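This briefing goes through selected parts of one structure. Look at the sequence and the 3D view, then read the points by topic.

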Amino acid sequence: MAARIIDGKALAADIREALVDRVKQLSVDGHRPGLAVILVGDDPASAVYVRNKGVACEQVGIQSSIDRMPADTSEDELLKRIGELNRDDNVHGILVQTPLPSHISSSRVLAAIAFEKDVDGLHATNAGLTLMGTPYFRSCTPYGVMKMLESIGTPIEGSQAVVLGRSNMVGKPMAMLLLAANATVTIAHSKTRALAAITRTADILIAAVGRRKLVTADMVKPGSVIIDVGTNRTAEGKLAGDVDFDNVRQVAGWISPVPGGVGPMTIAMLLTNTVEAAERRACQ
Ligand code: NAP
């Protein structure tokens with residue numbers, strides 16, 4: 001029997017709907033959530049991501065602003081703008097879209113965002129708190145994956161989980177959230193040997209690499225849960241994940257598609273973090 005589909009698009013819509021009332025309540029109390037997005041340069045893909053985030057904010061009533069800065073913006077100018085947003089009480093979340101032009105240090109920029117406004121969950125303080133099992137803001141993509149796992153009721157505690165990829169944005173925080181949920185976690189990366197032998201042990205397999213069809217049917221444990229974080233382009237320009245979907249689907253128990261899986265959940269969790277930031281401020 002083919003695996004059941006984990007519908008990230010539908011789950012994200014449910015999450016957004018649940019946020020609408022929280023945003024209304026905050027707005028009535030004079031704390032309408034605000035997200036400030038900074039886009040440096042004219043990378044077309046980044047422009048689309050930023051626009052999509054703005055639309056998603058609008059759908060739930062979050063106030064959003066986009067600072068479009070030219071590609072030759074200096075690091076100092078960008079840091080100055082972040083400082084202003086850090087001090088702006090109407091701004092609860094700040095997001096700097098990556099990639100940044102090569103003359104700007106992403107790590108210095110990330111460090112400049114007040115961690116209480118780091119709704120992407122990527123600041124070293126937020127990464128550290130996630131590592132310690134006491135998260136303040138979780139990185140949006142792994143947070144969305146946890147919601148997807150919860151939605152299908154798969155037991156995480158005691159399961160064998162394998163995470164492919166060890167980036168600060170996805171792989172590492174993903175492993176920490178699974179560990180906090182009492183999975184036994186293995187992290188694999190580009191230097192991992194005998195990858196298939198490892199992935200075949202996984203009750204839960206998260207692919208976050210960026211290589212089309214890296215995960216094939218022979219690498220998957222029958223009945224397991226497969227979450228595909230990867231985003232790649234096919235020769236025809238279509239979006240595709242890291243998993244050989246059609247064939248893996250014949251072996252797995254659950255599988256998330258690309259598109260319509262993790263992508264919409266990442267944005268839903270960005271909105272969730274922004275609303276949480278505004279709720280925390282409202283309580284101060
Ligand atoms: P990244 O920073 O490029 O990290 C990729 C990771 O994959 C690295 O840790 C790398 O290992 C590992 N890797 C490379 N080849 C491998 C192989 N053959 N076997 C096992 N691991 C391998 O990418 P990222 O930011 O984590 O993103 C990963 C993918 O998810 C990308 O396709 C990205 O577009 C997508 N993504 C999607 C969303 C969404 O919302 N849908 C959000 C974020 C990212 P090394 O560390 O050894 O180099």
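**Sheet and helices**

Three strands form an open sheet in the order 3-2-4, with parallel pairing. The edge strands, each pairing on one side only, are strand 3 (63-69) and strand 4 (93-96). This is a predicted model, in which local features need pLDDT of at least 70, side-chain atom pairs count only at pLDDT 80 or more, and totals for chains, interfaces and linings use all residues. Residues are numbered from 1 along each chain as its sequence is written, and side-chain values use heavy atoms, leaving out hydrogens and water.

**Terms for elements**
- Helices (H or I, at least four residues) and strands (E, at least two) are DSSP runs, numbered from the N terminus.
- Two strands pair if DSSP finds at least two bridges between them.

**Strands 2 and 3**
- Strand 2 (residues 34-40) runs parallel to strand 3, and seven bridges join them.
- Leu39 stands opposite Arg68 in strand 3.

**Helix 7**
- Helix 7 (residues 171-180) has these buried residues: Gly171, Pro173, Met174, Ala175, Leu177 and Leu178.
- Buried means under 20% relative accessible area, exposed over 50%, and partly exposed in between (1.4 Å probe, protein chains only).
- Among the elements covering these buried residues are helix 5 (124-131) and strand 6 (184-188), where contact means heavy atoms within 4.5 Å.
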